[in-house]
There are 2 protein chains.
Amino acid sequence: MRIAVVAPSCRLTEEAAERVQAIAARRGDCEVVIHPQCFLSAGHFAGPDAARLTALREVMADPSVDAVWYARGGYGSNRIAVAALDDIPAAARNKVYLGYSDAGFLHAGFYKAGLEVAWGPMPQDVVRDGGEAAVNRALDWLVSRDPSALEAGLDGPAMAFNLTVLSNLLGTPLEPDFAGVELLVEDIGEHLYRIDRSMFHLTAGEAIRKVRRIRLGRVADILPNDPPFAGDEAAIVEDWCRRSGIPFGGRADIGHDTANRVVPFPLRND
Amino acid sequence: MRIAVVAPSCRLTEEAAERVQAIAARRGDCEVVIHPQCFLSAGHFAGPDAARLTALREVMADPSVDAVWYARGGYGSNRIAVAALDDIPAAARNKVYLGYSDAGFLHAGFYKAGLEVAWGPMPQDVVRDGGEAAVNRALDWLVSRDPSALEAGLDGPAMAFNLTVLSNLLGTPLEPDFAGVELLVEDIGEHLYRIDRSMFHLTAGEAIRKVRRIRLGRVADILPNDPPFAGDEAAIVEDWCRRSGIPFGGRADIGHDTANRVVPFPLRND
């Protein structure tokens, strides 16, 4: 299997690239090709918008690429996601797109366009403690669709998003149809009042009220709330589910960490 | 003029309440009545949702109240804003509602419901350096519609919002019709990448593309971007305006500070 790594958001470190390629070499069941765009730098981003878009469209159009693996999150894929949906090449439909966090902008738009996308660990995760396991989990799923890589509670069509990213794509051309899917959300580096505000935003609109259930992944590195918020992240999500009539399904095994599991989006045959 | 202060978001301090009432007493042209709900405390909020909603609806329904002045921002008015729109009492239509920041959730919904709302300084601002001038500016406008209190560049229908608050009300029942208005936005305590993300969210959707122009108020206390973002807040807003075909009108004289000016929303006669 040939896996192309591009960076639609922030820059991949050389260390992460080398370690992921070493893992792939040891496995012997896949080749991980790091696009040179991954190491570009332009302010916050892994190169200017045009360079990130060109690299993404290049691997989408390459029939020899079986999977596109987003290098890392951060911020920036939204700046090229709408343009990436223009005139999707035929070869883009014969591959899978894997990543999480900021990649949610692309996941939303690509799912909407009928491409196969999945939430799951990314190359830059390799530098976290236990990162090799996360990278192998992603590769196990990419290479053989190993069911042990999946979030264990999946029981039907599901999508996973970073909560703040999801909030920022609602109402844009990237917004997909959420009807009937289980929605898994997680977040990192937010105050609890912001988690509450994002959940208001999600659940007050019509788009998210169509989901069949919400489950909450991990909310990491919560910033101090002044004064203390009263109630933790699970109470917040459960409360907004109750207010909006969306079933709350408890916790989910996803997050900005090396235990993060794979959540394939539904395959669309329309 | 009788001005009622309620706190739909966070708690007012006793010091601010006393100082604002002293200013009103010295002026002699208005009475500022602080609702006891302003001093309640429940976690992040000035009392539970029910207490905040009850106080707000009480002053809305009170025919002796000429103006409702939101005590301060913070976070929380969204949790009661939709309920505040139910069965609006007739007396609620004979008064004006003043505040900014988190009060934007109420402003949006109340404007949509045909009430008279305005962006402007709030009681808690009195404790800022130069806060007395900000409070007097708000009172000058409430008491006599003093034009010197207004944002100087207004030349037609306008609305002002905190950028992040506005992003979080799009697509909800609070979202008003933005057709033909000049939109003034400001923010505080965000990273530049978040300003960029919020501007993407705003300008990628249809609702905000109907405005006639966007101007940018102050963006205060910007959090460090790692790596540096490349481009300041004005470049970010101008860029998203250009991408979305919305005219960018330069800077506006609003912000989380004591120079913050009044921006009356359009009066609706429908």
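Me: Which residue of chain A meets the side chain of Asp239(B) in a salt bridge?
Reply: Keep in mind that this is a predicted model. The rule asks for a Lys or Arg side-chain nitrogen within 4 Å of an Asp or Glu carboxyl oxygen. Here the N to O distance is 3.7 Å, and the partner of Asp239(B) is Arg79(A).

Me: How many salt bridges does the rule find across the interface of chain B and chain A?
Reply: Asp239(B) with Arg79(A) is one such pairing of side chains. Polar contacts are counted too, and they come to 22 residue pairs between chain B and chain A. For salt bridges across this interface, the count is eight.

Me: Which helix gives the largest share of the side of chain B that touches chain A?
Reply: The elements of chain B giving two or more residues to that side are H3 (78-84), H6 (163-169), H7 (192-204) and H8 (233-244). The largest share is eight residues, and it comes from H7(B).

Me: What area do chain B and chain A bury between them?
Reply: Each chain brings residues to the contact: 38 from chain B and 38 from chain A. On chain B's side, His44(B), Arg197(B) and Phe200(B) supply 21% of the area it buries against chain A, more than any other three residues. Carbon and sulfur atoms carry 51% of the buried total, which is about 2900 Å².

Me: Which strands stand at the edges of the sheet in chain A?
Reply: Let's walk along the sheet. Six strands make an open sheet with mixed pairing, in the order E2-E1-E3-E4-E5-E10 (chain A). Two of them have a single partner strand each, so one side of each is left without a neighbour in the sheet: E2 (31-34) and E10 (263-264) of chain A.

Me: Which residue is the bridge partner of Ala67(A) in E4(A)?
Reply: Strand E3 (67-70) and strand E4 (96-99) of chain A pair in the parallel sense, over three bridges. In E4(A), the residue bridged to Ala67(A) is Val96(A).

Me: At about what angle does H4(A) run to E5(A)?
Reply: Helix H4 (104-112) of chain A lies across E3, E4 and E5 (116-119) of that chain. The angle between H4(A) and E5(A) is about 150°.

Me: How many residues of H4(A) are buried?
Reply: Buried means under 20% relative accessible area. Among the residues that pass are Phe105(A), Leu106(A), His107(A) and Tyr111(A). H4(A) is largely enclosed by the rest of the structure because, of its nine residues, the number buried is eight.

Technical notes
Residues numbered from 1 in each chain as written. Chains lettered and ligands numbered in written order. Predicted model: local features only at pLDDT ≥ 70, side-chain atom pairs only at ≥ 80, totals over all residues. Heavy atoms only, no water. Pairing = 2+ DSSP bridges. Helix = DSSP H or I, 4+ residues; strand = E, 2+ residues; numbered from the N terminus. Contact = heavy atoms within 4.5 Å. Axes fitted to C-alpha atoms, helices over the stretch in contact; angles between N-to-C directions. Buried < 20%, exposed > 50% of the residue type's maximum accessible area, 1.4 Å probe, protein only. Buried area = accessible area lost by both parts, 1.4 Å probe. Polar contact = N/O pair within 3.5 Å; in protein donor to acceptor, adjacent residues only side chain to side chain.
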